[in-house]
Amino acid sequence: MKEAHLIAAQPYGTESLAQRIRCQALRMVTRAKASHIGSALSIADIMAVLYGRALRVHPAVPRHPDRDRFILSKGHACVAVYATLAETGFIDPALLDSYGTDGSMLMAHISHKVPGAEFSTGALGHGLPFGTGKALAAKRQGKAWRTVVLTSDGEWGEGSNWEAALFAAHHGLDNLICIIDYNKLQSLRTVDETLRLEPMHSKFEAFGWAVREVDGHDHGELTEALENAPLATGKPTMLIAHTIKGKGVSFMENKVEWHYRNPTPELLEVALAEIQGCGAGEHNHA
């Protein structure tokens, strides 16, 4: 297959795609009585821009050798990725009904068994080291594909990420993009209370990265930053995406309890009614 056949999946505009990702994520978590809906909602816009505009991928050939590689390091937010893959043609949307059930390939943390998912993650701090290795391999093989890693903010308490950040800059991996979902909340309290990360921008610059801060819910900002990466020749790109945990559902936004809490069927209806284009009465695959 020629490289020209590698296209970004665009079944909807990115705004519409993001809303559908949120709807599907809410339904999956409620049905499975699972956790991490707040984390999934905060990255829905990032996922929509990646798969609607920025990534060179092809749903019909998920393992095409020239595809861009996307790695979700915050594996607990997997429902956002599963929903994205369903909405962009990688997997059958009916498969989402099985999320979190015995025997399903849609596990409660991202699984590489799912077409379009590159790497299984659960324990934090593994995605960027793995992605850095991928980017180095592409450089040494003279390949044009890029590696994009989406991390949480809380997982930057893991030393493995800082080792990978040093390594990527040392080897000039400008084919590597790391996005931090900077919603400023982690499992039990704020990031700042748990382990302060600021000043993030200057820290990553000191590590040798090209850094930009963006509104992680502004599709224009995200698109412009991703389509113009690398931000500097010879440097890996760091996008600090300022987001809101639970984005799109008023009673979940900026509430730490929605890291673990799951919606009741009644709260699901309220949540779906708040999301444009996702009526509470719509069927899962409407």
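This note goes through the charged side chains and the sheet of a predicted model.

1. Basis. The model is predicted, so local features need pLDDT of at least 70 and side-chain atom pairs count only at pLDDT 80 or more, while totals for chains, interfaces and linings use all residues. Residues are numbered from 1 along each chain as its sequence is written, and side-chain values use heavy atoms, with hydrogens and water left out.

2. Salt bridges overall. The structure holds eleven salt bridges (a side-chain nitrogen of Lys or Arg within 4 Å of a carboxyl oxygen of Asp or Glu). Among them, those that share partners join R63, R67 and E118 into one network.

3. D45 and R22. These two side chains form a salt bridge, with 2.6 Å from N to O. The pair links distant parts of the chain, 23 residues apart: D45 is in helix 3 (residues 44-54) and R22 in helix 1 (residues 14-32). Helices (H or I, at least four residues) and strands (E, at least two) are DSSP runs, numbered from the N terminus. Both D45 and R22 are buried; buried means under 20% relative accessible area, exposed over 50%, and partly exposed in between (1.4 Å probe, protein chains only).

4. R31 and D97. The closest N and O atoms of this salt bridge are 3.4 Å apart. R31 lies in helix 1 and D97 in the loop between helix 4 (78-87) and helix 5 (127-141), so the pair ties together parts that are 66 residues apart in sequence. R31 counts as partly exposed because its relative accessibility is 39%; D97 counts as partly exposed at 33%.

5. E224 and R212. A salt bridge joins these side chains at 2.6 Å, N to O. E224 belongs to helix 9 (residues 219-227) and R212 to strand 4 (residues 210-215), so the pair ties together parts twelve residues apart in sequence. E224 is partly exposed, with a relative accessible area of 38%, and R212 is partly exposed at 29%.

6. K245. This residue sits in the loop between strand 5 (237-242) and helix 10 (265-274). K245 is buried yet has no salt bridge, and the nearest side chain of opposite charge, D153, is 6.7 Å away. In this count Lys and Arg are positive and Asp and Glu negative, with His and the chain ends not counted. The K245 side chain does make a polar contact with the side chain of H259, at 2.7 Å. A polar contact is a pair of N or O atoms within 3.5 Å; within protein, one must be able to donate a hydrogen and the other to accept it, and residues adjacent in sequence count only if both atoms are side-chain atoms. Leaving aside neighbours within four places in sequence, K245 is in contact with residues including G38, N183, M252 and E253 (contact means heavy atoms within 4.5 Å).

7. Five strands form an open sheet in the order 1-2-3-5-4, with parallel pairing (two strands pair if DSSP finds at least two bridges between them). Strand 1 (69-72) and strand 4 are the edge strands, each pairing on one side only. Strands 4 and 5 run parallel and are joined by six bridges; V211 stands opposite M238 in strand 5.

8. Helix 5. This helix lies across strand 1, strand 2 and strand 3 (176-182), at about 170 degrees to strand 2. Axes are lines fitted to C-alpha atoms, for helices over the stretch in contact, and angles run from 0 to 180 degrees between N-to-C directions. K143 is found in the loop between helix 5 and strand 2 (147-152) and counts as partly exposed at 40% relative accessibility.
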